[in-house]
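Trainee: Before we start, could you help me to see how the words used for a fold are tied to values and cut-offs?

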Amino acid sequence: AFFFFNDEAVVSTQSTGLYVLLQIHLTPPPKPQSDCSFAGRLLAVAGSGGHTAELLQLLSSLSTNFTARHYILAETDFMSQNKLEKFEASRSDRKDNIVTISRIPRAREVGQSYLTSIVTTLYSQLWCVPCVLGARPDLLLVNGPGTCIPVCALVFLMRLLGLCRGKIIYVESICRVKTLSLSGKILLLFADHVLVQWSQLALRHPRRALYIGRLVS
């Protein structure tokens with residue numbers, strides 16, 4: 001069976017400015033009425049600072065079909081874990097959901113050279129294997145931290161092997177106005193959707209990038 005993702009940008013105007021929220025709906029193909037329920041599995045990679053704030057904005061607009069949610073974050077990122085735990089505790093459907101948080105070594109530290117980051121990325125990749133195999137996501141949602149690259153690579157490989165459905169959606173950080181981040185440039189090659197928050201950035205990659213507006217003001 002195949003599952004189709006409908007990505008819809010919803011615009012609302014408030015006194016503080018223009019907010020564009022991405023709603024990602026998971027829609028199963030037609031099934032017999034006796035088998036109409038579907039529980040999706042979400043895998044999301046959280047980054048520090050603004051990355052987590054943007055991710056929470058995305059998660060708040062996500063379809064409620066994703067009742068199993070698995071979060072991966074860097075082993076030193078305790079702030080993101082606190083924010084995710086508060087977010088999940090505030091959900092009205094939390095009793096019916098399965099939520100897991102896993103920690104992995106950072107694939108690349110800020111300012112780390114590209115050469116040495118090859119080694120640390122491979123090390124991080126090994127740590128990702130049991131997390132991703134356990135999650136078997138229908139949707140992988142990422143928004144920029146370097147930690148997401150080994151996770152995306154594993155999900156892409158698992159999908160090729162038929163081990164998961166694993167749609168990959170990458171949302172570029174609002175900080176990237178004219179050029180993609182290193183994560184964005186890599187994921188431009190194989191992500192299912194690359195979403196950007198600045199129109200001029202979408203114009204530079206018209207075949208692959210979709211402009212969705214700004215997630216946070």
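Mentor: What follows takes a few such words in turn, bearing in mind that this is a predicted model.

Trainee: What does the chain contain, and what share of its residues is buried?

Mentor: The chain has 6 helices and 9 strands, and of its 217 residues 45% are buried.

Trainee: What makes α1 and α2 count as roughly parallel?

Mentor: The axes of helix α1, residues 50–60, and helix α2, residues 78–89, cross at roughly 20° and come within 11 Å. Angles under 35 degrees count as roughly parallel, and therefore α1 and α2 are described as roughly parallel to each other. The crossing in which α1 passes α2 is right-handed.

Trainee: Which residues make that contact, and how do they divide by class?

Mentor: On the α1 side the contact is made by T52, L56, L59 and S60, and on the α2 side by S80, K83, L84 and F87. By class there are 4 nonpolar, 3 polar and 1 charged residues. K83 is in the contact, and Lys counts as charged.

Trainee: Why are β5 and β9 called edge strands?

Mentor: The open sheet is formed by 7 strands with parallel pairing, in the order β5-β4-β3-β6-β7-β8-β9. Strand β5 (98–104) and strand β9 (209–211) each pair on one side only, and they are the edge strands. From one strand to the next, the twist averages 20°.

Trainee: How do you know that β8 and β9 are paired?

Mentor: Two strands pair if there are at least two bridges between them, and 3 bridges join β8, residues 193–196, to β9, with the two strands running parallel. Within this pair, V196 stands opposite Y211 of β9.

Trainee: Which strands pair with β3, and over how many bridges?

Mentor: β3 pairs with β4 in the parallel sense over 7 bridges, and 4 bridges join β3 to β6, again running parallel. L42 stands opposite R69 in β4, while in β6 the bridge partner of L42 is L139.

Trainee: What makes β3 a mostly covered strand?

Mentor: A residue is buried when its relative accessible area is under 20%, and 6 of the 7 residues of β3 are buried, so that β3 is mostly covered.

Trainee: Where does α1 lie on the sheet, and at what angle to β3 does it run?

Mentor: Helix α1 lies across β3 (40–46), β4 (66–74), β6 (139–142) and β7 (167–171), and runs at about 165° to β3.

How values were computed
Residues are numbered from 1 along each chain as its sequence is written. This is a predicted model: local features need pLDDT of at least 70, side-chain atom pairs count only at pLDDT 80 or more; totals for chains, interfaces and linings use all residues. Side-chain values use heavy atoms; hydrogens and water are left out. Axes are lines fitted to C-alpha atoms, for helices over the stretch in contact, and angles run from 0 to 180 degrees between N-to-C directions. Angles under 35 degrees count as roughly parallel, over 145 as roughly antiparallel, 65 to 115 as roughly perpendicular and the rest as oblique. A crossing is left-handed if the near helix is turned anticlockwise from the far one by less than a right angle, and right-handed if clockwise. Contact means heavy atoms within 4.5 Å. Buried means under 20% relative accessible area, exposed over 50%, partly exposed in between (1.4 Å probe, protein chains only).
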